[in-house]
Amino acid sequence: MSSMLLQLFRLSFIASVLHAEHEKTSDLSVVQQTVMDTFHMEEYGSYLVIAPQSSVVEIGTNFTATCVITNTDEVTADDLYWNRSLSSVVPKEYYTKINVSALAVTIPITSRESEWLFCLANKKSAFVLLNKSKFMNGIWLKKRYPPKRATNISCVAEQKENEPSFPVLSCTWETVGHQTKDEQTTYTLMVEFPFPRLNRADCITGVFCKGIINRTETYTSSPTPHNKASVSFGSFPHHMNLDIWVVSQSSLGKIESEHLRQDAHYFVKTSAPSNVKVIVEQSFPTSLLVKWQHPIDQVYIKLTSQIRFCQDGSLDWRYVDVPNADTSVQTSFRLQDLQPGKDYVIQVRCKNVRRNRGYWSDWSDSVTEKTPEDRPTSKPDLWWKSENGEAQLICKEPKFSNGRITAYSIKLRYTKKEGEQEIIPVNGSGTQQSVDQKPVTLLKRISLADKPSVRVCVAAINSVGTSPEACLHIPAKPSGTQTVEGMNVSTLDGQMFVEWKQPNSAAVTEYVIEWMSNGKIDWQRERNSTNKTAIKGKLQPYVCYNVSVYPIQSGFIRKPARLEAYLKQGAPSEGPSTQSNPAYYSAELWWNPIPLDKRRGFITNYTIFYQKDHQLKNITVPGNITSYDLTNLSGNTKYDVWITASTIAGSGKGISHSFTTLKYAPEMVAGVVVGVSLGFLFFVLMTTLLCFYKKEVIKKNLWPQIPNPGESTIGNWSPDYPSKVETPKENCVTGVCVLNVGVCEVTPGFEEDKTSLSLKKDKYLSEEHSSGIFGSSCMSSPRQSVSDSDEGPDLADSTASTVQYSSVVASSGYKGQNPAPQPQHSIFSRSESTQPLLDSEEHPDIVQEGSRQVQCSPRESLFTHGAENQNTIESDNCRLLGMEQHDFCPLKEEAEQTTESDSQSADAESASPLSSYMPQLGGYRPQ
């Protein structure tokens with residue numbers, strides 16, 4: 001019984017706490033729900049209870065929850081603490097202790113995500129640890145934004161086709177505030193108006209009713225999260241006031257918008273007028289009559305109308321409000337001040353006649369009609385252009401042609417007396433062109449080769465009449481100084497503007513702005529007071545235009561100012577094509593300018609890219625350069641090169657081109673050639689100098705002098721008449737050993753030697769006779785001599801092919817002849833050579849300069865060698881033959897072996913001439 005009372009006390013306390021927490025709201029459902037949740041917690045045995053158990057909280061506010069301890073005394077309020085989502089402990093400064101068994105917490109709601117809020121006990125007791133799940137409780141916090149009222153409500157009731165009713169009212173509004181992904185605010189459209197109802201009790205049948213009972217009809221749309229909704233009426237409440245508002249609702253409550261109260265016709269939008277007709281009257285070429293039919297009878301709504309019209313092909317609409325009479329509604333109107341012969345497009349619409357009520361209907365279907373033609377009231381736009389030495393007369397139709405132009409009348413006057421006139425028919429298309437883009441007609445080509453200028457007057461002709469004349473003085477070449485200065489072309493918002501300075505002294509009557517592109521020409525005229533204008537023609541982006549400003553002075557064309565311009569620039573559509581002329585260290589590149597239609601802008605620069613072995617380099621050059629020399633390249637290397645052309649809008653890449661540098665540079669080849677040439681020249685020079693200084697040696701070795709045998713004196717030799725001593729000639733072939741036999745005394749003790757010598761001399765003399773002593777050619781067949789057989793086969797082999805030449809001058813004459821009484825020297829000359837005898841051989845008594853003599857005795861030279869340059873060779877040859885250095889004179893040995901007494905005996909016998917020559921012990925020396 002006591003426990004039951006305790007529980008009732010606690011429940012009453014919880015109810016009081018909840019009532020205190022929720023005293024701000026009149027809804028007690030939360031309190032009741034908390035009490036019920038508490039009974040459930042008691043049933044499951046939890047010792048902690050949180051009030052409120054489930055809560056929707058408003059983002060941006062503070063939320064307070066209370067944790068109450070029930071059915072236990074193990075813990076108190078001091079043992080409790082709060083957690084958010086089991087991970088974040090709420091700081092104790094947010095706690096409020098109500099009593100010993102209740103702890104409240106107040107937390108700010110800032111984030112949008114919903115979360116748990118837990119109450120737990122942290123007492124370290126065995127009972128709490130064993131029943132930990134019973135000392136924990138939590139609630140789910142649903143975070144929401146409060147609803148905001150809708151604003152700027154607008155509604156419209158559209159007419160049902162071919163019916164006088166408006167069954168649906170559609171409204172839109174603006175939403176404010178925030179939404180969460182868990183819950184969105186819903187909106188409900190509310191429409192209310194009073195609906196009269198007859199009180200049948202007060203009505204007398206068939207007579208009248210005494211009273212009318214008013215009741216309110218409310219139409220509600222379905223809730224929607226969007227900002228528009230609609231309601232349907234059974235019957236549209238004409239002439240009644242409507243009350244319209246929007247209810248915004250969420251889990252945190254609902255709120256109404258401001259009410260919109262207006263007459264029902266304020267929201268009406270009728271259908272477009274029908275049966276629109278346009279009537280043409282030939283007597284009124286500048287007007288058209290328009291008729292139409294309203295979509296609803298004026299019994300329901302009185303309407304007013306509006307007409308709009310424009311020339312066909314133009315978007316320049318003109319609007320006309322149709323005035324209404326006091327008692328009737330206008331359904332027709334006459335359009336005035338139209339151009340004759342033009343097609344016009346006409347439309348009509350209507351709305352409630354009361355000001356600021358209702359909406360304009362949609363425009364009716366378009367109706368096109370043409371005004372009647374009239375005589376042209378303006379001049380044709382005459383101009384010219386020069387092409388291939390001819391003046392081409394071109395013109396545009398008059399601004400007010402008032403019909404279709406069928407022909408042009410042209411008058412040409414070259415001088416005051418000379419002129420011509422003709423009518424040029426034109427094939428008018430009959431279609432209406434844009435006002436700002438009239439077609440250009442070529443009238444005539446005239447030659448001004450022999451004429452300084454021509455005056456041209458042109459008039460346009462249509463089916464009604466002829467226009468005023470337009471005249472122009474066309475020169476063969478625009479003359480005069482340039483009177484237009486400071487010309488500038490710029491672009492802005494898709495338009496091209498031309499600006500120039502007005503001349504100070506020139507009497508300019510007007511300006512002609514001309515622009516050309518790809519052979520197409522167009523122009524416009526400006527007044528003389530204008531210095532800036534926008535080109536009114538249809539210009540294309542990425543196209544280059546040549547813009548000119550012509551000053552016109554009383555019909556005379558003066559020298560213009562010109563500039564090139566683009567309405568819009570882009571990247572080039574292609575790059576330049578590259579060609580090359582490679583060298584060793586460099587390469588010459590050149591390219592052609594990009595075609596004008598491919599540039600798409602002004603070329604600001606070219607960038608040359610060249611690559612070898614994945615090493616990429618680039619060089620930027622100005623846009624006015626079409627060639628460049630690449631330097632610091634590697635020889636015998638392949639390069640890939642391409643060029644990009646750039647504008648202010650981008651770049652266009654050209655085709656890749658490859659080239660290989662030369663293996664050898666021209667200067668390298670020239671250096672090699674020059675080096676070889678200099679080396680060859682040096683060799684030739686040194687050879688020439690060598691030949692000059694050593695000509696004797698070279699001539700002796702390469703071109704030896706062969707004496708003429710016919711000039712030899714050996715054929716004139718006689719023992720009685722010795723040849724005349726002559727000086728040896730230069731360049732004679734030397735190498736002949738000459739033996740001068742002097743007064744070599746022979747001692748008596750050597751008689752056998754003397755006999756041997758005498759025998760050998762006879763043999764030699766016999767050989768000399770066989771050698772052609774008496775005038776023969778001094779050349780005999782090779783044969784072996786006595787000395788050859790003595791010396792052995794080796795020496796015989798070496799001399800077997802030689803020709804023996806000999807010359808003998810005996811001091812005592814031949815055998816059997818008496819020697820001359822005067823003392824003479826016996827001379828014997830012999831040579832084994834293939835060459836004829838020399839003068840020195842025929843005259844052995846003459847010794848050449850530079851030869852050395854070997855004396856057989858101290859008194860006289862016995863033997864001489866040849867030329868100076870053969871001393872060493874002959875000495876070596878003598879040594880080779882086994883001779884000692886006695887210079888081929890064995891008599892010297894014999895002389896050295898004699899005693900002084902013998903020498904004296906020899907002196908006594910020296911008066912007698914020697915009857916023989918000294919033999920050559922070693923044989924003949926090879927030459």
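The model is predicted, so local features need pLDDT of at least 70 and side-chain atom pairs count only at pLDDT 80 or more, while totals for chains, interfaces and linings use all residues. Residues are numbered from 1 along each chain as its sequence is written, and side-chain values use heavy atoms, without hydrogens and water.

The protein has 13 helices and 55 strands; these are DSSP runs numbered from the N terminus, with at least four residues (H or I) for a helix and at least two (E) for a strand. Of its 927 residues, 42% are buried. Buried means under 20% relative accessible area, exposed means over 50%, and partly exposed lies in between (1.4 Å probe, protein chains only). A contact is a pair of heavy atoms within 4.5 Å. Among contacts between residues at least 6 apart in sequence, 66% join residues at least 24 apart.

Next comes the helix. Leu685 is part of helix H5, which covers residues 666–693. With a relative accessible area of 47%, Leu685 is partly exposed.

The last stop is a loop. Ser221 sits between strand S15 (212–220) and strand S16 (228–232). Ser221 counts as buried because its relative accessibility is 8%. Apart from neighbours within four places in sequence, Ser221 is in contact with Thr188, Leu189, Ala229, Ser230 and Val231. For Leu189, the backbone nitrogen lies 2.8 Å from a polar atom of the Ser221 side chain.

Note on methods:
Polar contact = N/O pair within 3.5 Å; in protein donor to acceptor, adjacent residues only side chain to side chain.
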